[in-house]
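Please look over the model below before reading my points.

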Amino acid sequence: MGSFGYRAWLQPAKTQLGFLPKLTGHRCFAFEEFAYGLESLFGKKPGDDGDYAISLEIDKGLPWEAYTLRGDLAGLRIAGGSEKGLLYGAYGLLARLCLGEPVETLNILEKPTVAHRVLNHWDNADGTIERGYAGKSIFFQGGRIGYDLPRLKDYARLLASIGINEISVNNVNVYPDSAKLITEEGLPDLAKVAEVFRPFGIRLIISVHFDSPVILGGLPTADPADPAVAKYWADAAKRVYQYIPDLAGFLMKADSEFRSGPAALGRTQDEGANIIARALAPFGGRIYWRCFIYNCKQDWRDTTTDRPKAAYNEFFPLDGKFDDNVILQVKHGPSDFQVREPNSPLLGAMTQTHQGLEFQITQEYTGQQKDLYATAVQWEEIFDTPVTDACMTRDLAGREVTAIVAVANTGTDANWTGHLLAQANLYAFGRMAWNPAQTAEQLTRDWVALTFGTDPAVKEPISAMLLESRWVYEKYNAPLGLGWMVNINHHYGPSPEGYEYMKWGTYHRATHTAIGVDRTTHGTEFTAQYHQYVRDLYESKKTCPEKLLLFFHRLPYTYKLKNGQTLLQYIYDTHFEGVEDVQRFITIWDSLQDKIPPEAHTSVQERLQLQLANAQEWRDVINNYFYRLTGIPDEKGRKVYG
Ligand code: GCU
């Protein structure tokens, strides 16, 4: 794998080390990884003739995964609360050295805010990836586990270097082949994958099928109230832990998008989750239970059912009923990974229940790794948005939210993520899950510098492009929080009414005079699910953030925004601007030709051209749609293409 992108943020450093390292201290995997890192990043093999001592030591006074870096002229000490903390310390120091930070003044304590920093792969046993845009699965081939071992190790290193400590490898939509991962047939191979990730401090999670007792266990029902079903899960857990003693647990998508689940059997979600939680508990395992439940067979004429209300309605009344080793995994927004959504009202609302926050790194609705889109910018907004009157999500991340989870964007493409710059999203995810207080700006700059070097002539323009990219994409996407104006099924490119008359509950209800769904207490009452402070904010058109206006309110096209512009003119303008912005990105990228490895430069250039075509199509289709509906021309007289 000689390609530039393969090394991702572990590229050979463009900075010089300035000393010859001599390593001492606690010999463990972290010690070896640090030595390997010095050699592969700086070309310097640590040895006895070194002139600067770096010691690795365990400090039991530190939290388990924490580390300190303390340097002076005589040497530097990496201390870890455990060997795992030391491993993070080793990667942390290597990154700082690559960024050119002076070692002799380092004085740092790093500890994760969030205990479970999780990546969910949506990989199928046949090697395809649901919503994957970077090749095939790294974990599966031909109906079973299958991988390239050196590549798998390199992947484990990449993930560990950004602090990820749990991964699921199989899709939450569990099909028969991957259902078998918890059987004698599947476990030996999966145990080998676990072995690869174990030294890197990464534990596996298995996505399981709710009907396993039936399809694998031969029982007549998967009803959680049936003692035979409880026994099935207990036996399954015992078997799984014999093969993978440090398994983090199971992941379940139940009663969602045609998947079976407790509700279909007349049981509640807690009954379904707890029966599995109790099977896992003796082994220290956990069940991640997804809250992505809604009516996916809605009649579009039904205006009383409102999909964003579904998760809260289903789960909030059950607060306090889930066992301690259940983590409810909640998508960040109440809709489904759209470009712009408010935060889910379920986040932080359940005070007696562990929650995990779910993001999507893979760019399903955000340009599919053809279009540039820095997810960190969106996550930062999510963390900064109040969900209760008392606290912000950033604080919640360290308290009620015990896990931060994201759907991975990686595959067998040589550069892992298809779009080279989409590596920034994986990098930022790990770092933000470790500490949600880190800013998108800092993480983006770090990623750019680690990947392309610290030269400001490269670092500044690429960082600026990335940081702007989310807003640029939003400009040519569905306006003002509407979402869903995508082509059905594959979700790339515009189709304003693609989902409008379908069963998925995704309606904007545009007529020739007005658009949007009234989700206030005068409408579907979705806003009533929020704490008072947040409810009031969204309830009024005056205080509702404009970027979410059409998510919460139904408005005429002539509605005046704060700057005096009409809603319709805003839509026209942003869609024209989005295309101009992409053209500007192309000019910037072209100007970097001599400063970036040719292969990397060309591959991004190609993606930007695809993005331009996409942005133009969005502009033309969306603007034309609204022009035809309203008959109101663009005030600036530009041509709206048909
Ligand atoms: C989205 C996505 C599906 C996925 C689902 C989920 O709807 O399009 O592919 O299965 O989310 O999160 O379960």
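1. Start with Lys-253. An N or O atom in its side chain lies 2.6 Å from an oxygen atom of the ligand. A polar side-chain atom of Arg-131 is 2.9 Å from a ligand oxygen atom. For Asn-173, the distance from a side-chain N or O atom to an oxygen atom of the ligand is 3.0 Å. Polar contacts here are pairs of N or O atoms within 3.5 Å; within protein, one atom must be able to donate a hydrogen and the other to accept it, and residues adjacent in sequence count only if both atoms are side-chain atoms.

2. This is a predicted model: local features need pLDDT of at least 70, side-chain atom pairs count only at pLDDT 80 or more, and totals for chains, interfaces and linings use all residues. Residues are numbered from 1 along each chain as its sequence is written, and side-chain values use heavy atoms, without hydrogens or water.

3. Which residues are around the ligand? They are Trp-122, Glu-130, Arg-131, Asn-173, Lys-253, Glu-257, Arg-290, Phe-292, Lys-331, Asp-336, Glu-364 and His-491. The criterion is a heavy atom within 4 Å of the molecule.

4. Now helix 10 (residues 375-384) and helix 14 (residues 456-476). Their axes come within 7 Å and cross at roughly 65°. The two helices are therefore roughly perpendicular (65 to 115 degrees). Helix 10 brings Val-377, Gln-378 and Glu-381 to the contact; helix 14 brings Leu-466, Leu-467 and Arg-470. Contact means heavy atoms within 4.5 Å. These residues divide into three nonpolar, one polar and two charged.

5. Is helix 10 largely enclosed or open? Eight of its ten residues are buried, so helix 10 is largely enclosed by the rest of the structure. Buried means under 20% relative accessible area, with a 1.4 Å probe and protein chains only. Among the buried residues are Trp-379, Ile-382 and Phe-383, and also Gln-378 and Glu-380.

6. Thr-221 sits in the loop between helix 6 (212-215) and helix 7 (227-243). A polar atom of the Thr-221 side chain lies 2.9 Å from the backbone nitrogen of Asp-223. Neighbours within four places in sequence aside, Thr-221 contacts Pro-213, Val-214, Asp-226, Val-229 and Leu-265.

7. Thr-520 belongs to the loop between strand 16 (514-515) and helix 15 (532-539). At 3% relative accessibility, Thr-520 counts as buried. Leaving aside neighbours within four places in sequence, its contacts are Glu-525, Phe-526, Thr-527, Glu-539, Phe-552 and His-553. Helices (H or I, at least four residues) and strands (E, at least two) are DSSP runs, numbered from the N terminus.

Terms used
Axes are lines fitted to C-alpha atoms, for helices over the stretch in contact, and angles run from 0 to 180 degrees between N-to-C directions. Angles under 35 degrees count as roughly parallel, over 145 as roughly antiparallel, 65 to 115 as roughly perpendicular and the rest as oblique. Ala, Val, Leu, Ile, Met, Phe, Trp, Tyr, Cys and Pro count as nonpolar, Asp, Glu, Lys and Arg as charged, and the others, Gly among them, as polar. Buried means under 20% relative accessible area, exposed over 50%, partly exposed in between (1.4 Å probe, protein chains only).
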